[in-house]
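The following paragraphs go through the charged side chains of the model shown here, and then through one backbone angle.

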Amino acid sequence: MVQIYQKQFVKKFQLSHSTVVGIVFRLDDLGYLLIGNSRVDKRHTNVTITEKGKQLIQETEDIYQE
């Protein structure tokens, strides 16, 4: 299971922190991601993709390839 921080999304996609927070929370509500605080540093939020999220990625890739 790969966990990344929201801050990495901000840097990678060049989005504002508030935009990333909104997107992550909506995807969490839909069951595609799990969010939680880092055990090492409570100021950071870990983001983990769920099986449902992995299925969505696969379906999207299949549609894109068609």
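Patches are made of residues with over 30% relative accessible area and no salt bridge, with like charges joined within 9 Å and nonpolar side chains (Val, Leu, Ile, Met, Phe, Trp, Tyr) joined within 5 Å. The model is predicted: local features need pLDDT of at least 70, side-chain atom pairs count only at pLDDT 80 or more, and totals for chains, interfaces and linings use all residues. Residues are numbered from 1 along each chain as its sequence is written, and side-chain values use heavy atoms, with hydrogens and water left out.

E59, E61, D62 and E66 form a negative surface patch. Of these, E61 is found in helix α3, where helices are DSSP runs (H or I, at least four residues) numbered from the N terminus. E61 counts as partly exposed at 40% relative accessibility; buried means under 20% relative accessible area, exposed over 50%, and partly exposed in between (1.4 Å probe, protein chains only).

Side chains of opposite charge can pair when their charged atoms come close. A salt bridge is taken as a side-chain nitrogen of Lys or Arg within 4 Å of a carboxyl oxygen of Asp or Glu, and the count by this rule is 1. E51 and K54 are joined by a salt bridge, at 3.5 Å from N to O. Both residues lie in helix α3 (residues 51–65), 3 residues apart, or about one turn of the helix. E51 is exposed, at 55% relative accessibility, while K54 is partly exposed, at 41%.

The backbone angle belongs to Q14, a residue other than glycine with a positive phi, near 50 degrees. Q14 sits in the loop between α1 (6–13) and α2 (17–29) and is exposed, with 74% relative accessibility.

Conventions:
Helix = DSSP H or I, 4+ residues; strand = E, 2+ residues; numbered from the N terminus. Areas by Shrake-Rupley, 256 points an atom, 1.4 Å probe, with all protein chains shown as cover. Lys, Arg positive; Asp, Glu negative; His and termini not counted. Charge placed at Lys NZ, Arg CZ, Asp CG, Glu CD.
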